[in-house]
Number of protein chains: 2
Amino acid sequence: MNVMNDSPRRKELTRQAAQLFVQEGFDRTTVRMLAQEMGIKSGSLFHHFRDKQEILAAVIEEGTENALAIARQALDQCDSDPEARLHAMARAHLETLLTDRNAHVVALYEWRRLAPEARDHLGHLRDAYEALWEEVLDEALAAGLIRGDRFLVSRFVMGALNWTVRWYDPHGERSPEDLARELIAMITHPAH
Amino acid sequence: MNVMNDSPRRKELTRQAAQLFVQEGFDRTTVRMLAQEMGIKSGSLFHHFRDKQEILAAVIEEGTENALAIARQALDQCDSDPEARLHAMARAHLETLLTDRNAHVVALYEWRRLAPEARDHLGHLRDAYEALWEEVLDEALAAGLIRGDRFLVSRFVMGALNWTVRWYDPHGERSPEDLARELIAMITHPAH
DNA sequence: CGTTTACACTAGCGCTTGCTTGGTTGACCC
DNA sequence: GGGTCAACCAAGCAAGCGCTAGTGTAAACG
């Protein structure tokens, strides 16, 4: 067995699994369906993954790592004023939703199907991502750009953003940029 | 078989099923688990419901109907100015989340597990509920209380509200009233 | 050359799943 | 006191599930 490496082959299989998990849900996706999608037999699947659980963990891990990387890059490259940073984060969030949509949908819907150990590991990744948000929101609150309770504001914003996977059409007219701008406009009270 | 009535017995069984669906997820909840929770044997379950699917539909139907009823009542009883109506809707939404929490969590997470016909029927119920929101948001937009694109504002607000099932603690310090006030404060730009 | 390694296959075990069948019970009705 | 009816039970079927064991093979390596 070949456990826990991250060969390119495994990356590709993970990507295909994500697609199926979104279509059918984790529990309804059988190892036989996964194998067929991958063009192999069901037994061969366990050469790449210890068990079905591990496939789920791999899908979510990749999505979250990408989100984190993109968000960090966006923060590095943008201006340092609170509004620019807020905008950069929102745009980065919506852009990962576009490029890694399957993985993020799986992360949002199937989180509870993770084994406790995997949930623990991935929870830390997710916490790191949300910490970036809280930092940026704190700056916006301090600058008077947003009003309200820090905890609630952060939850409301994350909710509005994560909910987009339900209705956002990547092939539609609106770009991530558009959505980010609209969201910021809705919640900010510009100084005057 | 006893199909499709709504006896009090069936109502009670539906309530218990909702609890299990939240804990385990629909697919992982077996008819044997459901039966045990209900204090009967698995075979007896099919005296009350045609199949497992129908239990899910019953859970979601009850939750959505309650949400609709509470929202309508709230709108009837509040003042007619846009901010009061906005506040009433947000509070009503969060209050159903408190009283019918299980049903709403199931509706949000397990919607896709519904059979197409059930999804169709319940989709209309859900549309009726969201229409109430759009009406109230339109008034708020017209009054200049909120700025931005109607479609996007509505999606963002629904996202922020529905996301609350992930983190809101009914036994915590914050009341639905508090949350509603905070959310309105965050997104409104009061005339001055 | 022989050995190792990565990847795939065949075959099937042991178990659980949703659901069916045929029958029993006790409350109520005229 | 025979008939009705909702509610429940015992037993089990057919299908599908995750996963394993053992084997084959072709490329890579020393």
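This is a predicted model: local features need pLDDT of at least 70, side-chain atom pairs count only at pLDDT 80 or more; totals for chains, interfaces and linings use all residues.
The buried positions in α6(B) are Ala103(B), His104(B), Val105(B), Val106(B), Ala107(B), Leu108(B) and Tyr109(B).

## Overall make-up of chain A

Chain A contains 9 helices and 0 strands, and its elements, read along the sequence, follow the pattern α-α-α-α-α-α-α-α-α. Its C-alpha trace spans about 65 × 35 × 25 Å along the principal axes, and of its 192 residues, 49% count as buried.

Where contacts in chain A with a separation of 6 or more are considered, residues 24 or more positions apart account for 69% of them.

## Thr14 in helix α1 of chain A

Thr14(A) is found in helix α1 of chain A, which covers residues 8-24. With a relative accessible area of 5%, Thr14(A) falls under the 20% limit and is therefore buried. Once its neighbours within four places in sequence are left aside, Thr14(A) is in contact with Phe49(A), Ala58(A), Val59(A) and Glu62(A).

## Packing of α5 against α9 in chain A

How do helix α5 (residues 82-99) and helix α9 (residues 176-187) of chain A cross? Their axes come within 8 Å and cross at roughly 135 degrees, which makes α5(A) oblique to α9(A), and the crossing is right-handed. From α5(A), the contact is made by Glu83(A), Leu86(A), His87(A), Ala90(A), Arg91(A), Leu94(A), Glu95(A) and Leu98(A), while α9(A) supplies Pro176(A), Glu177(A), Leu179(A), Ala180(A), Arg181(A) and Ile184(A). Sorted by class, this contact of α5(A) with α9(A) has 8 nonpolar, 1 polar and 5 charged residues.

Arg91(A), which lies in helix α5 of chain A, gives a residue-level view of this pairing. At 34% relative accessibility, Arg91(A) counts as partly exposed. Leaving aside its neighbours within four places in sequence, Arg91(A) is in contact with Pro176(A), Glu177(A) and Ala180(A). Arg91(A) and Leu179(A) are 88 residues apart along the chain, yet their C-alpha atoms are separated by 7.7 Å.

## Packing of α5 against α7 in chain B

In chain B, the axes of helix α5 (residues 82-99) and helix α7 (residues 116-142) come within 8 Å and cross at roughly 150 degrees. Because angles over 145 degrees count as roughly antiparallel, α5(B) and α7(B) are roughly antiparallel to each other. The crossing of α5(B) and α7(B) is left-handed. On the α5(B) side, Pro82(B), Arg85(B), Leu86(B), Met89(B), Ala90(B) and His93(B) meet Tyr129(B), Leu132(B), Trp133(B), Glu135(B), Val136(B), Leu137(B), Glu139(B) and Ala140(B) in α7(B). By class, the contact of α5(B) with α7(B) has 10 nonpolar, 1 polar and 3 charged residues.

Pro116(B) also has its place in helix α7 of chain B, and at 58% relative accessibility this residue counts as exposed.

## Cysteines

How many disulfides does the structure hold over all chains? The count is 0, where a disulfide would require a pair of cysteine sulfur atoms within 2.5 Å. Cys78(A), at 22% relative accessibility, counts as partly exposed, and Cys78(B), with a relative accessible area of 23%, is partly exposed as well.

Technical notes
Residues are numbered from 1 along each chain as its sequence is written. Chains are lettered from A and ligands numbered from 1 in the order in which they are written. Side-chain values use heavy atoms; hydrogens and water are left out. Buried means under 20% relative accessible area, exposed over 50%, partly exposed in between (1.4 Å probe, protein chains only). Axes are lines fitted to C-alpha atoms, for helices over the stretch in contact, and angles run from 0 to 180 degrees between N-to-C directions. Helices (H or I, at least four residues) and strands (E, at least two) are DSSP runs, numbered from the N terminus. Angles under 35 degrees count as roughly parallel, over 145 as roughly antiparallel, 65 to 115 as roughly perpendicular and the rest as oblique. A crossing is left-handed if the near helix is turned anticlockwise from the far one by less than a right angle, and right-handed if clockwise. Contact means heavy atoms within 4.5 Å. Ala, Val, Leu, Ile, Met, Phe, Trp, Tyr, Cys and Pro count as nonpolar, Asp, Glu, Lys and Arg as charged, and the others, Gly among them, as polar.
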